[in-house]
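Let's walk through this structure together, one piece at a time.

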Amino acid sequence: MDKKIKFNTKNLDLFYGDFQALKSINLEICEKEVTAFIGPSGCGKSTFLRCLNRMNDLIESVRIEGEILFDGQDINGDIDVINLRTRVGMVFQKPNPFPMSIYENIAYGPKCQGLKDKTQLDKLVKESLIKAALWEEVKDRLNKSALGLSGGQQQRLCIARTIAMQPEVILMDEPTSALDPIATAKIEDLMSKLKKDYTIIIVTHSMQQAGRISDKTAFFLMGEVVEYGETPVIFTNPADKRTEDYITGRFG
Amino acid sequence: MGRKVKDNFAKGIIYLATGITLSVLIFIVGFIFVKGIGLVNFDFLTRDFNEKVFYAFVQNEDVSMSIDEEALKQKTPFDDRYESLIEGPIYVDNIGAAIAKVTYKNNATEHEQLVISYIEKNSPLTNAADSTGKEMRIGTDYVIQSINGTDFEGLSLDEAAALIKNQSDELKIKVVQPGGGVKSNIITTLYMVLLSLVIAIPLGIFGAIYLTEYAKPGRFVNTIRFAAECLSGIPSIIFGLFGMAFFVVALKLQISLLSGSLTVAIILLPVIIRSTEEALKTVPTSFREGSLALGATKLQTIFKVVLPCAVPGIATAVLLSIGRVVGESAALLLTAGTVAQIPGTLLSPGSTLTVQAYYVAKEEGNIELACAIGIVIIVIVIVLNILSRIMSDKLDVFNKK
């Protein structure tokens, strides 16, 4: 239980213009665990996830108050965003491989960091694909376009691409919502393997998925964290009436 | 019932409009081809527009003929648009070439002249020098006018041949390199396309990148966009006047290839900016997010992911631009001039095919020749379009699966 705390947010508020999307979020996310965020659409879980690697910077009108401590350092302060994003990788809802070869997709991040050595890149690509359980399927077509892969393969490629950056944390924003059940099962399987090495934070719409794969679960509602705790506790013995209503399917 | 009648009426108008458009197009292209095709041949494409008169210094050296008389008679490299053979040919040993007498007939003039009809492989004519000592070669269908100061005017073919044979020293021959072609205009046109694209495309692409990726949407960006739209609607003669006042006079670039291509580049900019902007906008945000989430900088994202995705759109801009440069006449008339020559440097003038067609039609009243140039223009536009289409297909990242 004495795991190191990776992310610690203190009284985090987020506004889109005048609209307050996150209200005083206080969460501690532990290292090398899978933490799931659940909640109905528009509750702020994706917004919160995107705070963790500062992807909200891309949106003009966003204003953030409060602290997000990553290994004790406030990431909203004066830090190197590029460096943060190499340490905190992200996998998106819709698979978004770049329109280049499979190899180039994975080598992209390291190359942007200045890695040029061909043998090192080759090794990194292979290792990342093996870790993402995709190597066997694509090893003969590394130079083919990534757009030719199936949806599930594309998503695992995106995971491999993130792994190639050797991050500490992997953020996943509903990574299986665009996939069929078999591809979903493969990704879930992969996540449980990856948590040995990485801290994984996943936003999901599927409560079953949260129940299957996560160690801790946070239930978001209307921009607030209603309840946060060990997944089995949340699902079997929720403290809050609203959590119980949601997970038993009474709304959402 | 009433609705059906209305429908048919509307349909009729649609078909009629399409029919009129199509027939006008076919009529115009047909007109140009019918009028001009008679003048288009190999000579037309490979010769300079103007005749060139110069003195050639040739060694006096006997070279015997390697083909028989019958074969010599078959060698008639005359420009059959204007020349017809009346006498000859006769082979002259000491220049290693055959000469013939032809009638030259153009719009206003008609006269007889001596032309070279055949040249031996090791003839001294292939290794002559001009008055500055520069090496040059005399080709077939060149007209010869005098030798060592004696004019051929009024001599029969035999007398002329004898005159050449009787020379003992080095030969100084006055020759006329035949004109009537558009080689220089074709080359000027290609130069102009290349140079103006080289100037306008990077500027346009970087401008479009600024507008879509960097500038905060608001009044400033809208103003730039509005300005670009206005620019694309201004008639090119205005740009021509500006180019003449600014590039030609103020910057002292003279009437030249460079002034012309800078002026045309300004005309192209709005088109390139607009189409590149549209192309950049269609690149999904998810690619940008994916790249940034991998720790790439904004610039890396733009150049490695966004721009390659926009290539098909940029290729469209290039296509439109090529058409625009090739078709430009007013602006180039004022900034690049009407001299039919291959521009030797960036600061030499040269006329593109379109300017030449304008010049020929307006100044010489030679519609057939203008139409012949028109055919060349149409072919060049089609070829360049096909080439850039092929190139954009090759570069299209979404095409490779």
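This is a predicted model. Begin in chain A with helix 6 of chain A, which covers residues 151-163. Helix 6 of chain A lies across strand 6 and strand 7 (169-173) of chain A, and runs at about 170 degrees to strand 6 of chain A.

Now look at the sheet in chain A. Its 6 strands follow the order 6-7-8-3-9-10, and they make an open sheet with mixed pairing. Where are the edges? They are strand 6 (88-91) and strand 10 (224-230) of chain A, each of which pairs on one side only. On average, neighbouring strands of this sheet are turned by 15 degrees against each other, ignoring direction.

Next, move to chain B. Two packed helices are described by the angle between their axes and the distance between the axes. For helix 5 (residues 183-214) and helix 8 (residues 257-281) of chain B, the axes come within 6 Å and cross at roughly 40 degrees. Angles of 65 to 115 degrees count as roughly perpendicular and those under 35 as roughly parallel, so helix 5 of chain B is oblique to helix 8 of chain B. The crossing of these two helices of chain B is right-handed. Which kinds of residue make up the contact of helix 5 with helix 8 of chain B? By class, there are 21 nonpolar, 7 polar and 3 charged residues.

Technical notes:
Residues numbered from 1 in each chain as written. Chains lettered and ligands numbered in written order. Predicted model: local features only at pLDDT ≥ 70, side-chain atom pairs only at ≥ 80, totals over all residues. Heavy atoms only, no water. Axes fitted to C-alpha atoms, helices over the stretch in contact; angles between N-to-C directions. Helix = DSSP H or I, 4+ residues; strand = E, 2+ residues; numbered from the N terminus. Parallel < 35°, antiparallel > 145°, perpendicular 65-115°, else oblique. Left-handed = near helix turned anticlockwise from the far one by under 90°. Nonpolar A, V, L, I, M, F, W, Y, C, P; charged D, E, K, R; others polar. Pairing = 2+ DSSP bridges. Contact = heavy atoms within 4.5 Å.
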